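I open this entry to record what I looked up in the structure, and in what order.

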Amino acid sequence: MTTPKDKRCTEDEAVAELRSGMTIGFGGWGSRRKPMSVVRAILRSGLTDLTVVSWGGPDVGLLCASGKVRRLVYAFVSLDSIPLEPHFRAARQRGTIEDEPYDEGMFLLGLQAAAWRVPFLPTRVGLGSDLLRDNPRLKTITSPYDDGEELVAAPALTMDAAFVHMNRADARGNGQYLGPDPYFDDLFLGAATKRFLSTEKVISTEDLSKEGPAQSLLISRMLVDGVIEAPNGAHFTSCDPDYGRDEAFQKAYAASAKSPESWEAFREAWLTLSEADYQAKLRAAGGGA
Amino acid sequence: MTDQIASLVDRADVCAVAVAECFRGDGEILANPIGTIPMIGGRLARATFEPDLCMTDGEARLIANDEAFEWPNGAVVEHFNPYRQMFSWVWNGRRHVMMGATQVDRHGNQNIAAIGAYAQPKVQLLGYRGAPGNTINDVTSYWVPNHSPAVVCEAVDTVCGIGYDRAAALGPHAARFHEIRRVVTNLCVLDFDTPDHSMRLRSVHPGVTIDEVQAATGFPLVVPDDVPTSRLPTPEEMELIATVIDPKALRLAEVPNP
């Protein structure tokens, strides 16, 4: 008798599937529902030269500050309650990362194009702006129909691997968000070759419908290769309704951009630990830094 | 007489009314003001003269409440409006956004991405965000709470939101949805109602002189012979703002009285 696949794995097992130089996407939005336990595992790894695709938040800042990023594909980077991400800013101002900017809507089209396996999707977004100067990957296309309109061809943002964080999932990879917004997590997984979902809690398939309506079941197991159970795994970003953003911790993280010494102290205190030790230290500290 | 009344009115309330006026005539579209006073001004427009506007809770819902920031008696939800839906509104032409601007120039070009040379900027900001898509698809206005020559400047370093010169270069068909309606600042209201769409002084807030506005602007504004004073809030509007829309007076922190 055959049994369904159990896709459960650890962060470190998932990260072992990655290679330096890969293009890796992270779901969520700003400082909301980010797969942070996976980001922390990447920080502990020897991976370098990554191209990062993200609706940028502290995932981007942490990877930039740790020298993991060669190229950044993004429309914004923000910590929400702290509008400007200081570690991302420092990397840009030092000129240490390659920059591939998009408009937010164009970024959505790039994810959708990749998930639909077409090379681009057309849009008028970007016309007239300096995006066409600052992102040489962007090209325009003339409509083949009678209107003959010139449009921007938003290129497919294909990825080698993508990670998203869900409130609940089963061991087969069906994922559920219970917060206010699905963001674009399904598209990240559709755009990637290796696809991982981390979740606050792995539950049975039957129990998913006890947690929320069918519309909350955003991710199908057809889009998932690995399921990582990661309680508090989005910390310090928000994961409503399970928990809000840890604002005190985020402040300490942002403040660590002040000097190489303050970054080193933050890194030493929080980013050299295993995920279990990180969570234990948080609990001992009462939740905040 | 007007000056006496003006001295009794908070500058923040004048700004909120000026924001509200940007949405006059918009009808049944998504009014999407970003920022404290823009949120208040948008709510004010809907609660008074533009009742059919749709507005967000700042996250993923459209709600009917007049309160701008907190809904102690519960939010009245009209629609599920996650980010992916927001882009549909933008591309469907159903939105008037009021964005911030780190720089905005005489043609209405806006920058929120980076100050200095883009490749290695002096100051990295948010990124392009949605500014290119907003300005090519829908009416856009800007909110500047700190009017200075560095912000309202001769030329922006990076064009995120496109102004009238960029739109003109695209031609009338490609730019047929483009309109920069107003720039509301802590000192005045600006628009582009000139033959070549150069920025024009539309009104000065009570207590502000034309010279002060010009001194705070990085290029010569078009100044009509007769520049009116920005409309004062009515007693009804002041009451609404103070008791319903913004009872915690967050607006006074964004624009203190001079």
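Before using the word domain, I note that domain bounds here come from an automatic or database domain assignment. I also note that the model is predicted.

**Entry 1: domains of chain A.** I looked up how chain A is divided. The assignment gives domain 1 as 8-106 + 157-247 and domain 2 as 120-155. I then checked the separation of the two: the C-alpha centres of domain 1 and domain 2 of chain A are 28 Å apart.

**Entry 2: where the domains of chain A meet.** I found seven residues of domain 1 of chain A in contact with 10 residues of domain 2 of chain A. I asked which elements give two or more residues to the domain 1 side. They are β5 (98-101) and α5 (104-115) of chain A. Sorting that side of domain 1 by class, I list four nonpolar residues, one polar residue and two charged residues.

**Entry 3: chain A against chain B.** I turned next to the two chains. Here 36 residues of chain A are in contact with 33 residues of chain B. On the chain A side, I recorded β4 (69-77), α4 (86-94), α5 and α6 (131-134) as the elements giving two or more residues. By class, the side of chain A that touches chain B has 19 nonpolar, seven polar and 10 charged residues.

**Entry 4: confidence.** I looked up the predictor's scores last. Chain B has a mean pLDDT of 96, and 98% of the residues of chain B reach 70 or more. For the complex, I noted an ipTM of 0.95 and a pTM of 0.96.

How values were computed: Residues are numbered from 1 along each chain as its sequence is written. Chains are lettered from A and ligands numbered from 1 in the order in which they are written. This is a predicted model: local features need pLDDT of at least 70, side-chain atom pairs count only at pLDDT 80 or more; totals for chains, interfaces and linings use all residues. Two residues are in contact if their C-beta atoms, placed from the backbone, lie within 7 Å. Helices (H or I, at least four residues) and strands (E, at least two) are DSSP runs, numbered from the N terminus. Ala, Val, Leu, Ile, Met, Phe, Trp, Tyr, Cys and Pro count as nonpolar, Asp, Glu, Lys and Arg as charged, and the others, Gly among them, as polar. pLDDT is the predictor's confidence in each residue, from 0 to 100.
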